[in-house]
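Subject: Structure handover

Hello,

Here is the structure for you to look over. My notes follow below it.

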Amino acid sequence: MKLQRKNRLRATALGALAVSGALVLTACGSDNNTGTETEGGKTSAAASDVKCDGAEGQLRASGSSAQKNAMDLWVKNYMAACSGVEINYNSSSSGEGIVAFNQGTVGFAGSDSALKPEEVADSKKICKTGQGINLPMVGGPIAIGFHLEGVDSLTLDAPTLAKIFDSKIKKWNDPAIAKLNDGAKLPDKAIQAFHRSEDSGTTQNLGKYLNAAAPSDWKYEAEKKWPAPGGQAASGSSGVASQVKAVDGSIGYFELSYAASQDITTVDINTGGAAPVKATSENASKAIAAAKVKGTGKDLALDLDYTTKAEGAYPIVLVTYEVVCDAGNKAETLGTVKSFLTYTASDEGQKVLTEAGYAPIPAEINAKVRETISSLS
């Protein structure tokens with residue numbers, strides 16, 4: 001079982017690299033893949049959805065570490081196709097990204113939570129003739145990774161997860177865990193639960209799930225800052241994943257791509273449906289497909305159902321938004337922002353997500369994203 005899962009995760013990670021390499025080679029396999037050269041010496045690869053029109057210079061962006069692995073692929077593919085353009089994405093946290101955006105130091109920010117009303121108000125100082133809006137760009141499961149020697153698979157439900165992360169369940173052989181894992185040999189070992197040290201949209205989305213699915217056991221507001229006492233903190237999704245990988249008896253939360261890249265076994269979630277659900281891109285897509293747009297105007301913030309019991313729908317999901325000005329963008333970066341985000345929202349850009357362990361944005365919603373990007377001014 002463990003070998004099969006590790007092989008599956010390793011294949012996912014290698015698949016992402018293979019896709020990335022293939023796209024880069026397509027983009028830069030010749031000096032001019034289209035047979036024509038665009039203004040300024042930039043080219044658009046015939047086999048690529050990258051369109052370099054209007055893009056130039058350097059574009060700085062920052063925010064969500066949840067989308068780091070997707071952003072790395074996007075940036076590599078885009079820069080291979082658009083010579084002379086440089087995209088610098090600082091994978092920090094959603095909170096830091098929003099701060100940078102509202103200070104005017106980045107062209108766009110990545111955030112795993114939609115802008116709050118007060119953040120929208122602040123954005124109007126930077127977006128001189130408009131305001132910050134949310135463009136859903138990356139979907140995927142928040143995997144619950146664990147490291148427990150001798151245990152190859154594990155099922156948990158929302159109440160049990162809430163008690164683990166709230167330090168109410170402290171041993172791996174606790175009766176609540178044993179009940180969900182009939183026949184498993186659970187050791188009498190202390191649970192070491194890891195959480196994010198900085199403000200994080202991943203933390204907030206986990207909190208939304210626990211609020212909705214285990215309201216009696218998780219009494220904290222769903223905020224970017226980790227709310228519960230106890231546990232151990234680590235920086236970024238990569239930091240949490242590294243700690244879980246290294247520490248026997250540990251558990252933590254991070255995006256599926258981090259589990260894939262580090263061969264971390266993930267928890268199956270008992271939703272109350274017919275069978276426990278695995279953390280996969282496909283299963284996350286089933287949950288995200290039911291999302292509704294709750295934003296108004298050009299804002300495309302989504303309302304996710306964290307209590308779904310639909311067969312095969314993995315409920316602990318997040319959507320990462322690219323936060324941009326709907327109007328009033330800086331003239332020197334507007335062309336590159338539109339060009340780059342047009343690629344990330346393209347069919348090819350979204351396909352990369354699937355191969356990298358993320359979930360593409362549902363087609364109906366993504367059509368609105370593309371329309372909105374084209375209208376940015």
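With which side chain does the side chain of Arg196 make a polar contact of 3.1 Å? The partner is the side chain of Ser237. Please keep in mind that this is a predicted model.

First, more on Arg196. Arg196 is part of strand β6, which covers residues 192-196. Its relative accessibility is 2%. Arg196 counts as buried because buried means under 20%. Ser237 lies 41 residues away from Arg196 along the chain, yet their C-alpha atoms are 7.2 Å apart. There is also a polar contact between the side chains of Arg196 and Ser200, at 3.2 Å. Leaving out residues up to four places away in sequence, Arg196 touches several serines, including Ser65, Ser92, Ser93 and Ser237. Thr202, Thr203, Trp226 and Tyr253 are also among the residues it touches.

Next, the nonpolar cores. In soluble globular proteins, nonpolar side chains tend to be buried together. The largest nonpolar core here has 63 residues. Ile144, Leu161, Ile177, Leu206, Tyr209, Ile251 and Ile316 touch the most other members. Helix α5, residues 158-165, gives the most to this core: 5 residues.

What does Leu161 touch, not counting residues up to four places away in sequence? The answer is Ile144, Leu156, Tyr209, Leu210, Ile251, Ile269 and Ile316.

A second core is separate and has 36 residues. Among them are Tyr78, Ala81, Leu300 and Phe340.

Best wishes

Definitions and conventions. Residues numbered from 1 in each chain as written. Predicted model: local features only at pLDDT ≥ 70, side-chain atom pairs only at ≥ 80, totals over all residues. Heavy atoms only, no water. Core = buried A, V, L, I, M, F, W, Y, C linked by side-chain atoms within 4.5 Å. Buried < 20%, exposed > 50% of the residue type's maximum accessible area, 1.4 Å probe, protein only. Helix = DSSP H or I, 4+ residues; strand = E, 2+ residues; numbered from the N terminus. Contact = heavy atoms within 4.5 Å. Polar contact = N/O pair within 3.5 Å; in protein donor to acceptor, adjacent residues only side chain to side chain.
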